Amino acid sequence: MENEILQNKDLKKTKKIIFTTILIGISFFLGLLVGVSNSDNPNFIHGEQKGELKNKKAEAPDYLSKNVDFKLFWKTWDTIRDKYIDSSVLDSQMFYGALSGLVASLNDPYSIFLPPDTTKAFNEELEGKFEGIGAEIGIKDEKLTIIAPLPNSPAEKSGLQAGDKILAIDQIDTSFMTPSQAAQMIRGDKGTTVTLTIKHGEEKEKDITITRDEIYYESIKTSTGNAQTDKLLNDKNIAYIKITNFNQDTEALFEKAVQNAINKKYIILDLRNNPGGFLTTAIKVSSHWVENNIIVKEVSQNKEKIQNFSSNGVAKLKDKKTVILVNQGSASAAEIVAGALQDYGLATIVGETTFGKGSVQDLTKLSDGSSIKLTIAKWLTPNDRAIDQEGIKPDIEIKISDEEYNNNKDPQLDKAIELLQ
């Protein structure tokens, strides 16, 4: 769901989608292993240190300072055509490989070239339906990492958790893989299998074989799935709203959830394992609490220009006492919502520090059906806190132990209910 935050800048005029894999993201959608590919590195931070937005470029070798001689490109092309042992390689393969390499030269896992088939898969993911295992991946602590499994997906049912390290895919080492390469290997047709070598915390690594399936999900849930807990929430006059992704169906579904929440005294907004999605949707959701104020700030390429994105609509929930649940699988758009409500004192944040993906990608569609995704900015909360790498720190930190997880216990939700009593 690159992990990914999308911003729609006058779509009719520009035909562009702006998003963050904040991975956003991955940010999210390109990182869904479920048939998605090209997840970004939600932990990647280019020239940034501890909340400061700085652009420090490494010393470049002398040859990079010279003027570009495009004759070298064609010389390389012709040499391959004349001498490479396999003459069956198509010109189109070389062409798209060159475009991919061009974007890859930026050394930014968020910035990638998407050929037509991958762009098509991306668009399907935005619709919330695809085939695969149902998890977003990124890079954290220099290792390929599960950002978040989708609810009821093959990934979740197999026991994968946010933070799990992927050491190998079908016995192939992932040490030097980008999230995009890994996602390409993991996705596949319904009914086929993929084996991931996983390291969970300090446990010994183990192989998990997962059968791919068709994934379809709605991004809003108003039930915990536990009848006893749902009854308790109802008795306590608490509206429970879980947002799994900020995608195309979120706004309409959230509006329905709000109508129910208006009749309740309290609200629990569950953003755990939410890897992000559309920026516009994050702003719309936040606007139900934040009235006539900044939701998030965008710091652009020149580091001097800051654009503010403000709330819109009626803040119907501004007077409702709210608790937001987050964990290390909360990223991108989820971090924007949590950060904004925390800055304005409109919600108490409970759980674990979020993933920390706060960059913006621009998706440009090309005439052949391919597209280019480029990092163009970074996000700050209304109080100028950097989201990227830092994440959103909870007001009350509570972790779920492996024993609690395996026994379906939820101390984070329990704490939220306690705070609202």
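**Close-up views of a predicted model**

**Overview of the chain.** The protein has 12 helices and 24 strands. The model is predicted. Of its 421 residues, 51% count as buried. The protein exposes about 20000 Å², and 49% of that area is supplied by carbon and sulfur atoms.

**View 1. Phe73, Trp74 and Trp77 form one aromatic cluster.** A search of the whole structure finds 7 aromatic pairs. One of them is formed by Phe73 and Trp74, whose ring centres are 5.0 Å apart. The angle between the two planes is 85°, and the pair is edge-to-face. Phe73 has a relative accessibility of 35% and counts as partly exposed.

**View 2. Phe254 and Trp289 form a tilted aromatic pair.** A pair of aromatic rings is described by the distance of the centres and the angle of the planes. For Phe254 and Trp289 the centres are 6.2 Å apart and the planes stand at 45°, so the pair is tilted. This pair links distant parts of the chain, 35 residues apart. Phe254 belongs to helix α8 (residues 250-261), whereas Trp289 is in the loop between α9 (279-286) and β18 (294-300). Both Phe254 and Trp289 are buried.

**View 3. Strands β22 and β23 run antiparallel.** Strand β22 covers residues 359-365, and strand β23 covers residues 371-380. The two are joined by 7 bridges. Val360 stands opposite Ala377, which is in β23. Strand β22 is mostly covered, with 5 of its 7 residues buried. In a regular strand the side chains alternate between the two faces of the sheet. The hairpin of β22 and β23 has 5 residues between the strands, and Gly369 takes a positive phi near 95° in this hairpin.

**View 4. Lys316 and Glu255 meet in a salt bridge.** A search of the whole structure finds 13 salt bridges. In the one between the side chains of Lys316 and Glu255, the distance from N to O is 3.9 Å. Lys316 counts as partly exposed at 38% relative accessibility. Glu255 also counts as partly exposed, at 26%.

**View 5. Arg385 forms a salt bridge with Asp343.** The closest N and O atoms of the pair are 2.6 Å apart. Because Arg385 is in the loop between β23 and β24 (396-397) and Asp343 is in helix α10 (residues 333-343), the pair ties together parts that are 42 residues apart in sequence. Arg385 is partly exposed, at 28% relative accessibility, whereas Asp343 is buried, with a relative accessible area of 16%.

**View 6. Lys415 forms a salt bridge with Glu418.** In this pair the closest N and O atoms lie 3.2 Å apart. Lys415 and Glu418 are 3 residues apart in helix α12 (residues 411-420), so about one helical turn separates them. Lys415 counts as partly exposed at 21% relative accessibility. Glu418 is partly exposed too, with a relative accessible area of 46%.

**View 7. Lys242, Asp270, Arg272 and Asp410 belong to one network.** These residues are joined by salt bridges that share partners.

Note on methods: Residues are numbered from 1 along each chain as its sequence is written. This is a predicted model: local features need pLDDT of at least 70, side-chain atom pairs count only at pLDDT 80 or more; totals for chains, interfaces and linings use all residues. Side-chain values use heavy atoms; hydrogens and water are left out. Rings of Phe, Tyr and Trp (its six-membered ring) pair if their centres lie within 6.5 Å; planes under 30 degrees apart count as stacked, over 60 as edge-to-face and the rest as tilted. Buried means under 20% relative accessible area, exposed over 50%, partly exposed in between (1.4 Å probe, protein chains only). Helices (H or I, at least four residues) and strands (E, at least two) are DSSP runs, numbered from the N terminus. Accessible areas come from the Shrake-Rupley method with a 1.4 Å probe; for residues, only the protein chains shown count as cover. Two strands pair if DSSP finds at least two bridges between them. A salt bridge is a side-chain nitrogen of Lys or Arg within 4 Å of a carboxyl oxygen of Asp or Glu.
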